[in-house]
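Hi,

Here is the structure I promised to pass on.

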Amino acid sequence: MRELFETLAAFDSVDDLERFLRDLCTLAELEAMAHRWSVARLLDQGLPYLEIAERTHASTTTVTRVAHWVRYGEGGYRLALDRLKESSSTA
């Protein structure tokens, strides 16, 4: 997996990364990742789980699972959420 992570980090543009991921992943896999990211962003805004489930059409199980990883995972969600906030505040 490390080689994959290094490959992803090597991309200089979102367009190039998108092209790679569209070749690498099925549409369903990409949609699942995008779906979980949407849930994570709404969790970060402090919305209640049920509201997030309704907005994203995710199951409450998915919302709970993502919330668990946001809180107790490897810190990747938090890192990405913080970087997104930083980039939007400097834009």
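L24 sits in helix α2 (helices are DSSP runs of H or I with at least four residues, strands are runs of E with at least two, and both are numbered from the N terminus). Its relative accessibility is 45%, so L24 counts as partly exposed (buried means under 20% relative accessible area, exposed means over 50%, and partly exposed is in between, with a 1.4 Å probe and protein chains only). If you leave out neighbours within four places in sequence, L24 is in contact with L4 and E29, where contact means heavy atoms within 4.5 Å.

With a relative accessible area of 52%, R22 is exposed. Its C-alpha atom is 19 Å from that of S38, which is 16 residues away along the chain.

Before you go further, two things about where this comes from. The model is predicted, so local features need pLDDT of at least 70 and side-chain atom pairs count only at pLDDT 80 or more, while totals for chains, interfaces and linings use all residues. Residues are numbered from 1 along each chain as its sequence is written, and side-chain values use heavy atoms, with hydrogens and water left out.

Now the whole protein. How many helices and strands does the secondary structure come to? There are 6 helices and 0 strands, so from the N terminus on the elements run α-α-α-α-α-α. Along the principal axes, the C-alpha atoms fill a box of roughly 35 × 35 × 25 Å. Of the 91 residues, 19% count as buried. Take the contacts between residues at least 6 apart in sequence: 32% of them join residues at least 24 apart.

Not counting residues up to four places away in sequence, A67 touches L43 and Y49. From A67 to R78 it is 11 residues in sequence and 11 Å in space, C-alpha to C-alpha.

H57 is in the loop between α4 (49-56) and α5 (60-72). At 71% relative accessibility, H57 counts as exposed. Its phi is near 65 degrees, which is a positive value in a residue other than glycine.

Next, a pair of helices. Two packed helices are described by the angle between their axes and the distance between the axes. Helix α3 (residues 27-44) and helix α6 (residues 76-90) pack at about 70 degrees, with their axes 11 Å apart. The axes are lines fitted to C-alpha atoms, for helices over the stretch in contact, and angles run from 0 to 180 degrees between N-to-C directions. That is why α3 and α6 are roughly perpendicular to each other (under 35 degrees is roughly parallel, over 145 roughly antiparallel, 65 to 115 roughly perpendicular and the rest oblique). On the α3 side the contact is made by R36, W37, A40, R41 and D44, and on the α6 side by Y77, R78, A80, L81, L84 and K85. By class, this contact has 6 nonpolar, no polar and 5 charged residues (Ala, Val, Leu, Ile, Met, Phe, Trp, Tyr, Cys and Pro count as nonpolar, Asp, Glu, Lys and Arg as charged, and the others, Gly among them, as polar).

Last, the lining of the largest pocket. Which element gives the largest share of that lining? It is α3, with 5 residues. By class, the lining has 12 nonpolar, 3 polar and 2 charged residues.

Cheers
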